[in-house]
Protein chains: 2
Amino acid sequence: MTDAFIQIDPHHPHDHSQCVSEALDAAEQLCAQAGVRFTVLRKRVLELVWQSHKPLGAYDILEALAREDDRRAAPPTVYRALDFLLEQGLVHRIASLNAFIGCASPEHRHEGQFLICRSCRIAIELDQPAIRDAIGASAASVGFAVEGETVEITGLCAQCQVAA
Amino acid sequence: MTDAFIQIDPHHPHDHSQCVSEALDAAEQLCAQAGVRFTVLRKRVLELVWQSHKPLGAYDILEALAREDDRRAAPPTVYRALDFLLEQGLVHRIASLNAFIGCASPEHRHEGQFLICRSCRIAIELDQPAIRDAIGASAASVGFAVEGETVEITGLCAQCQVAA
DNA sequence: AATGGGCTGTTATCATATAACACTTGACTG
DNA sequence: CAGTCAAGTGTTATATGATAACAGCCCATT
């Protein structure tokens, strides 16, 4: 197994502002390509989701928007932006947390697999064929046709293990 | 790959009342063993969860209880029973559906992996080492210590593929 | 019978998500 | 260049899922 399929390891010290600007640039491009509108609101929501590598709740985003705008946005505003970003593959939803996180490689459509640290709350996105294949084989053995995968692993990231 | 690890294939025609009674008997035994109380309420909730092989929402259970009792139970009543059943490993929670399903093999602690049909809504519980191992290996490669797994696959079951 | 812990009832509230309808904007059409 | 329409956003209300806090009950042990 190589590291090639590990989309991001947010614990490596990194210039996070670059993560954000790269994500926004990529989003801009992909939306242009797809012929859909990357509006100001959608961009702001994506930027907020990317403010960290931790999954963010819709209402957290709402609050952040409210702080910027001081005119309080309503839930549908945020959910619509998130729905758009999900459709475009720019964010993922983490079902076990009811939260959203920026997609690390939006240029190819996929559903991520996530390692979620219960201590620091960081989510590491994977895209491991080995996991997908194991699931596919099990599904095939009962004739089940896979359409979507939710793989969310909780535990402790390397850094938090050391801290503990 | 054998079928040995497939906990249940609810599509095989079967006497479902036997599923229920077996599940209740097993629960009774396991609770006795663990020295915890398998109260009437807990038993009723478990029975309701087992009424089908489809994940059931907490509020559905609530309604069913209300129909039986005609005195309307409140949410905490159901959630407490479900929390108990989860702790004892008698039911699983399906995060992607906010729903609960009876555990097919409560005698050994595990978190199930689920194949969920989007058409008939049946959930097939698996317990596949191959999936677990693939996840473990990926996690290990970034030094992540796995504690819990959420593996929920959506798609079409064999029967619903034929129907379509 | 006393008593104390675990279980359940009850009320209120929080958290997450969506329905429905009105208004705005911006891209195409003629 | 104005008209028009679809997509996007605002706004209000509400659905859906889950928990906090406290009161009262039951029953196992003494």
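1. A crossing of two helices is called left-handed if the near helix is turned anticlockwise from the far one by less than a right angle, and right-handed if clockwise. Helices (H or I, at least four residues) and strands (E, at least two) are DSSP runs, numbered from the N terminus. By that convention, α2(A) passes α3(A) in a right-handed crossing.

2. The model is predicted; local features need pLDDT of at least 70 and side-chain atom pairs count only at pLDDT 80 or more, while totals for chains, interfaces and linings use all residues. Residues are numbered from 1 along each chain as its sequence is written, and chains are lettered from A and ligands numbered from 1 in the order in which they are written.

3. Helix α2 (residues 40–49) and helix α3 (residues 58–69) of chain A pack at an angle of about 115°, their axes 10 Å apart (axes are lines fitted to C-alpha atoms, for helices over the stretch in contact; angles run from 0 to 180 degrees between N-to-C directions). Arg44(A), Val45(A), Leu48(A) and Val49(A) of α2(A) make the contact with Ile61(A), Ala64(A) and Leu65(A) of α3(A); residues are in contact if their C-beta atoms, placed from the backbone, lie within 7 Å.

4. Between the chains, 37 residues of chain A are in contact with 37 residues of chain B. On the chain A side, the largest share, 12 residues, comes from β5(A).

5. β5(A) and strand β5 (residues 145–156) of chain B pair in the antiparallel sense over 11 bridges; strands pair if DSSP finds at least two bridges between them. Val151(A) has Val151(B) as its bridge partner, and Thr154(A) has Gly148(B).

6. Six strands form an open sheet of mixed pairing, in the order β4(A)-β3(A)-β5(A)-β5(B)-β3(B)-β4(B). β4 of chain A and β4 of chain B stand at the edges, each with a single partner strand, so one side of each is left without a neighbour in the sheet. Neighbouring strands of this sheet are turned by 20° against each other on average, direction ignored.

7. Which helices pack at an angle of about 175°? They are α5(A) and helix α5 (residues 129–141) of chain B, with axes 8 Å apart; α5(A) and α5(B) are therefore roughly antiparallel to each other (angles over 145 degrees count as such). Among the residues that meet are Ala130(A), Ile131(A) and Ala134(A) in α5(A), and Ala130(B), Ile131(B) and Ala134(B) in α5(B).

How values were computed. Contact = placed C-beta atoms within 7 Å. Parallel < 35°, antiparallel > 145°, perpendicular 65-115°, else oblique.
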